[in-house]
Amino acid sequence: MDPTLLVLGALALSSAAATVAGCAEDLESDVGSQSNPNSQVQLAPQMGNIHRYFNKAISGEPVSYGLYVTVAGTVAWALMNIGMNVLLALVIGSAIGAFVHGAYAVSAYFGRIVGQSKSFGQPVYLDIVLSHLGPIVGHGFIAVFCMVLAAYLAVTMLGNPFPLPLVSLILGITVGAIGSSTGDVHYGAEREYQKYPFGGGVPVANQGDIDIKAEVGIRNGMDSSYFCSKLGGPLTGLTFGLIIFLDGWRSLVGGILGNALRGDIVIKSIIAIVVGIIIVAVAACLNRLVEVYARKKYGPYTDR
Amino acid sequence: MDFLSMLIPFVEITLAGAIINASVHFVPVGGAPAAMATSTGIGTGTTQLAAGAGFTGLMAAATIAAQSGVDIFNPLHWAIILLSGAVGSMIMLGLTMLMGQLIYVFGVGVVPAADKCERDPITGDYQKPYITPGTTGHGVPTVCFISGLIGAALGGIGGALAYVALIQLGFSPEVAGIIAVGFFFMNAVLASYNIGGTIEGFHDPKFKKIPNGIIASFIASLLTGVIVVLMALGI
Amino acid sequence: MSHGGGGHAAELYPENQIIALGTLLAILGMYISQFFPQVSMLLGGLLASAATVAGANTTRKVAAYGLGTGVPSIGMLSLGMGIIAAVAGIFLVNALVKHFHVDPIVLYFIPIVGTIIAVILGYVVGRLTVNPIGMKIPIMVESMTKLSLMGALSILGFCSAYAGGFLPEIIIPGAIKNGVMALAFIAAGMAILHPFNACLGPDESHKRTLLLAVACGFLTWFIFAVARLEVISTVVSLVLWALAYREFIKQSLKDACAVYYTPELPKRET
């Protein structure tokens, strides 16, 4: 078969895996309340809001996902070395990663809640720990498995010179960075503060005054993942899938056009770089369009 | 190994540290407050975002450098590796900022607005009236986006430069990759301590502190450069 | 990340004692891995986790001042320096032997050389964070030195436990070229930064943080044991982890103001 086609297939598969991974990663961080929006959950008891959120303060998402994906990648790599089937090895590796995830998640909940329990009267909810652990570890497993699959494809098919554990580390850190900078905003700025009217950031004075009531009953993290799966999660997945796809696609285009022009590696790389710059320019234009749209649609604040 | 073939990588790695540090100052990060649309920029930590972008660039550069027919000592190939790193980082950060912007506008319903300037220096739009009262801006306005792209390009170049220097010294890609990751983190955290959490981009008054960060990274990288060059004798 | 008040709760054990103990145990672990490769993961891994515990304890001390960028950043900085120092320790001594034709016996000083480089690098970077960067934490320099040291020792410790020794011809193919060092970087990093990051708050107690640090150290050991596909070390590390973890949960439940099993909010007193 044409090697370019094979590479294109591997690229498509790894981008699809990355899309699923990004989405699952973001929803997982919403169930568990991780990363930056968690600062509000942390602040809430001090402001008198006793809550039933999960408080999953496992450093930032980049570092924690770097850990799970690297664990999964290293274990899978070790299992492949003794001749195990690739898919099975990836699944077992991800399972170990999910176990580590669960261990860190529960310790973070107990640590953070008890760390402010006596001062602000925040009780420990054991039912929250038990009911949220499944969705956290499950979403995490999906994300980690997809990331390790993408890393495996990058090493075997896409010409990455690094060993599987190192690629896993880099991709894990990247997925965490993207998840915490795109999807988490939907959770932090909108979901946690739904009692305030839509449209507008959260003033410093209101910080910590998060919603503790849900649509029905008392709010917990699982309601948040339902809400965020409407916008935050899918967009996070799309971001990461697009990044993996476009970054690989531009070198593929460079290769194909370079071959057509009978150019050497320099020509191919220059075409790839130019294509990349065009992609970035398009992103910048789209950003400006969205900005102009928002300024026209929402308008300035007039009542100050 | 002769003196010149050690001196060039040494200079490269020292510069790489300074460039990585400078790059972090350009990336508009609002830290935790930005995740609540309380401050302008991307809603995550400085180091992690810069690392995410830098490592994407590092991988892009490493993939190019590993292709057959690439001579790492050829200046043209050298430039291509660096530019590939820059473009890889820019794609990562550009798309992240764009999607983050979509969530700010359609998910949270805020207008992108910078707090640290009266008018956007690039588009000339007034910013102050669009800021939610009680916050210090939100979203990724054009000036922050452009600043972020510059930062991503520098970060990619810095990461790629460190990697190339290590390869030129004779390290295998695996060893060079892991040292480059550690080196990147060290310089990125130094920069984030210099920033102190949040920065909007090159128009932010905090940006004036950039010389301190560059000097710190330069010295730290100088030391690392000495260590790494001596290490290369032991391959 | 907010620090919820931070504060300096009383210390159970002085920091310097823990650091000294962690350093000694981790170095001892490396020599055990080198000379008794058949038990390298069982004993070397166990002793390497001492370094992460000591690192976590130092993180607690320095991060209680409030870094402005969250606890994780200092963990990553310490591991960034640690990984450079760890690789440097191996390659520099190798350079002495290969390039300057020193007696190969110096290869057995790799852990010591790694320690020294980590201390130098940590000290210099610590000084740089105070001047010109201007961090206003009085114990910054000494903490950075200790953290860099613990980062390097835990990376070297786990890598030599995995490879079965720290001699260059063992550790370079056995733990660096195959990428296991990336795992050592992030897993040890999390074990160093997570305990305090998880436990911080006005009611933080040294006992809980240390218990969690021990549990995280054992968990890191468990990860390496699994990655090496060693049954005995995996089982032993899992049991020890479970014991430490159970102790941590018990202590947490004891220290909590109330423990509920049902969805109810406590009555407001005011």
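Helix 3 of chain A and helix 7 of chain C are oblique to each other, because angles under 35 degrees count as roughly parallel, over 145 as roughly antiparallel, 65 to 115 as roughly perpendicular and the rest as oblique. Their axes cross at roughly 140° and come within 9 Å. This is a predicted model: local features need pLDDT of at least 70, side-chain atom pairs count only at pLDDT 80 or more, and totals for chains, interfaces and linings use all residues. Residues are numbered from 1 along each chain as its sequence is written, while chains are lettered from A and ligands numbered from 1 in the order in which they are written.

**Helix 3 of chain A against helix 7 of chain C**

- Helix 7 of chain C covers residues 180-199, and helix 3 of chain A covers residues 61-81.
- The axes behind the angle are lines fitted to C-alpha atoms, for helices over the stretch in contact, with angles running from 0 to 180 degrees between N-to-C directions.
- The crossing of helix 3 of chain A with helix 7 of chain C is left-handed (the near helix is turned anticlockwise from the far one by less than a right angle; clockwise would be right-handed).
- On the chain A side, the residues in contact are A:Val63, A:Gly66, A:Leu67, A:Thr70, A:Val71 and A:Thr74; contact here requires C-beta atoms, placed from the backbone, within 7 Å.
- On the chain C side, they are C:Val180, C:Ala182, C:Leu183, C:Ile186, C:Ala187, C:Gly189 and C:Met190.

**Helix 4 of chain A against helix 9 of chain C**

- Helix 4 of chain A (residues 86-114) packs on helix 9 of chain C (residues 231-255) at an angle of about 25°, and the axes are 9 Å apart.
- That angle makes helix 4 of chain A roughly parallel to helix 9 of chain C.
- Helix 4 of chain A and helix 9 of chain C also cross in a left-handed sense.
- A:Ala103, A:Ser107, A:Phe110 and A:Val114 make the contact from helix 4 of chain A, and C:Tyr245, C:Phe248, C:Ile249, C:Ser252 and C:Asp255 make it from helix 9 of chain C.
- Six of the residues in this contact are nonpolar, two are polar and one is charged.

**The whole contact between chains A and C**

- Chain A contributes 47 residues and chain C contributes 49.
- Elements of chain A with two or more residues on this side include helix 2 (38-43), helix 5 (117-120), strand 1 (124-125), helix 6 (126-156) and helix 7 (164-181).
- Helix 4 of chain A gives the most to this side, with 10 residues.
- The chain A side facing chain C has 28 nonpolar, 15 polar and four charged residues.

**The contact between chains A and B**

- This contact takes 67 residues from chain A and 70 residues from chain B.
- The chain B elements that give two or more residues are helix 2 (31-35), helix 3 (46-65), helix 4 (75-108), helix 5 (142-168) and helix 6 (173-195).
- Helix 4 of chain B supplies the most, with 24 residues.
- By class, the chain B side has 43 nonpolar, 25 polar and two charged residues.

**Chain A as a whole**

- Chain A holds 11 helices and one strand; helices (H or I, at least four residues) and strands (E, at least two) are DSSP runs, numbered from the N terminus.
- The order of elements from the N terminus is α-α-α-α-α-β-α-α-α-α-α-α.
- The C-alpha trace of chain A spans about 70 × 60 × 25 Å along its principal axes.
- Chain A has 304 residues, and 61% of them count as buried (20 or more other C-beta atoms within 10 Å of the residue's own; 12 or fewer is exposed, in between is partly exposed, and C-beta atoms are placed from the backbone).
- Of the contacts in chain A with a separation of 6 or more, 77% join residues 24 or more positions apart.

**Annotated transmembrane regions**

- In an unreviewed entry, UniProt gives "transmembrane region" for residues 63-80, 87-110, 130-155, 162-180, 231-249 and 270-290 of chain A; positions follow the numbering used here, feature names are shortened, and annotations may be inferred rather than shown by experiment.
- Residues 130-155 of chain A are 100% helix and 0% strand, with end C-alpha atoms 37 Å apart.
- Residues 162-180 of chain A are 89% helix and 0% strand, and their end C-alpha atoms are 25 Å apart.
- For chain B, the UniProt list (unreviewed entry) includes residues 140-163 and 213-233.
- Residues 140-163 of chain B are 92% helix and 0% strand, with 31 Å between the end C-alpha atoms.
- For chain C, the UniProt list (unreviewed entry) includes residues 147-167 and 179-198.
- Residues 179-198 of chain C are 95% helix and 0% strand, with end C-alpha atoms 28 Å apart.

Terms used. Contact = placed C-beta atoms within 7 Å. Nonpolar A, V, L, I, M, F, W, Y, C, P; charged D, E, K, R; others polar.
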